[in-house]
Protein chains: 2
Amino acid sequence: MPTSSRFAVAVHLLCALAFLEATAGERGVTSAELAKSVNTNPVVVRRLLGSLTRAGFVAGRGGRSGGYGLARSPAKIRLDAVLAAVEPDGLLTLHANPTNRACTVSCGIKPVLGGVFAEAERALHASLERRTLADLLRQVQAAG
Amino acid sequence: MPTSSRFAVAVHLLCALAFLEATAGERGVTSAELAKSVNTNPVVVRRLLGSLTRAGFVAGRGGRSGGYGLARSPAKIRLDAVLAAVEPDGLLTLHANPTNRACTVSCGIKPVLGGVFAEAERALHASLERRTLADLLRQVQAAG
DNA sequence: CATTTGCGCAACCACTGTAGTTGCGGATGC
DNA sequence: GCATCCGCAACTACAGTGGTTGCGCAAATG
């Protein structure tokens, strides 16, 4: 499959949200403003922020002067949790082909591979766990 | 994108190849035999084994009594190299949306994210690096 | 040397997941 | 009431994957 860019966009959105929130005052940050930063459509933004809302990272309010805001401090948003929120199925997937029961390898490979995949994804999450949204904000600000 | 299962199938094929090679004697293992184990088409097998051939893991010969064979010992085939061979673009991808030059975050996020992604993928490869085809064969045989 | 067997490659099709878009309903504040 | 904004569902367009067929070439067998 075309490998998804949801994770990248989600992180981008969280950064932009943290950034714009500072200047927005009481008003929420609208999906249209966020969409401008990513150069995409407000609905795409809302879809993604829907997952992040369910995961407890952001909160949105409807109505005039509505919009989004972070639901917790950037230092408490770890990237591994963001990945899990927008890509719940993981990155390494087994093949769905039916197993050939006449073949030892075909019968035995999937559980073995599953274990390998699980360990590899744990390693990936462990790496992302060390990064928070606050870290990224610092780096983006330093670069700009 | 529908996340690809090339890696899983490639590992399955390598296992099956190692397994069948033992009983095949001088003859090569044909793509049709391998296809039976994965329950797929010989052409799909050949496509994937094409990548693995270019990476130096297997070798195929045409002609009568042709087929495939491992080009090096299972203990020398590390899974991270297999992943790199069949999925050269990596698993985490940046979004392709044009950057909004009026936005600090949009301008700065991609290099920062790129660094984070690279580190995460390194962690994933480091985990896979510890597993060789020989390890998997041992596990599959123990389970069967 | 003809035949058989099997790989290599290109072309094509069907399927699927993603991003993009529109439209409508409901909430919120002026 | 009315404007603004989120939430959600439906639809479209596109891209990547896996599956399939067809043809050319290589190699072994008789």
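This section describes a strand pairing and the salt bridges of a predicted model. Residues are numbered from 1 along each chain as its sequence is written, and chains are lettered from A in the order in which they are written. Local features need pLDDT of at least 70, side-chain atom pairs count only at pLDDT 80 or more, totals for chains, interfaces and linings use all residues, and side-chain values use heavy atoms, with hydrogens and water left out.

In chain B, strands E1 (residues 58-61) and E2 (residues 67-70) pair in the antiparallel sense over four bridges; pairing requires at least two DSSP bridges between the strands. Helices (H or I, at least four residues) and strands (E, at least two) are DSSP runs, numbered from the N terminus. Val58(B) has Leu70(B) as its bridge partner in E2(B). Five residues separate E1(B) and E2(B) in the hairpin, and Gly63(B) in the turn has a positive phi of about 85°.

Twelve salt bridges were found over all chains, each defined as a side-chain nitrogen of Lys or Arg within 4 Å of a carboxyl oxygen of Asp or Glu. Glu87(A) and Arg6(A) form a salt bridge at 2.6 Å, N to O. Glu87(A) lies in the loop between helices H4 (79-86) and H5 (104-129) of chain A, and Arg6(A) in helix H1 (residues 6-24), 81 residues apart. Glu87(A) is buried at 15% relative accessibility, whereas Arg6(A) is partly exposed at 39% (buried, under 20% relative accessible area; exposed, over 50%; partly exposed, in between; 1.4 Å probe, protein chains only).

A salt bridge also links Arg131(B) and Glu119(A), with the closest N and O atoms 2.6 Å apart. Arg131(B) lies in the loop between helices H5 (104-129) and H6 (133-143) of chain B and Glu119(A) in helix H5 of chain A, so the pair joins two chains.
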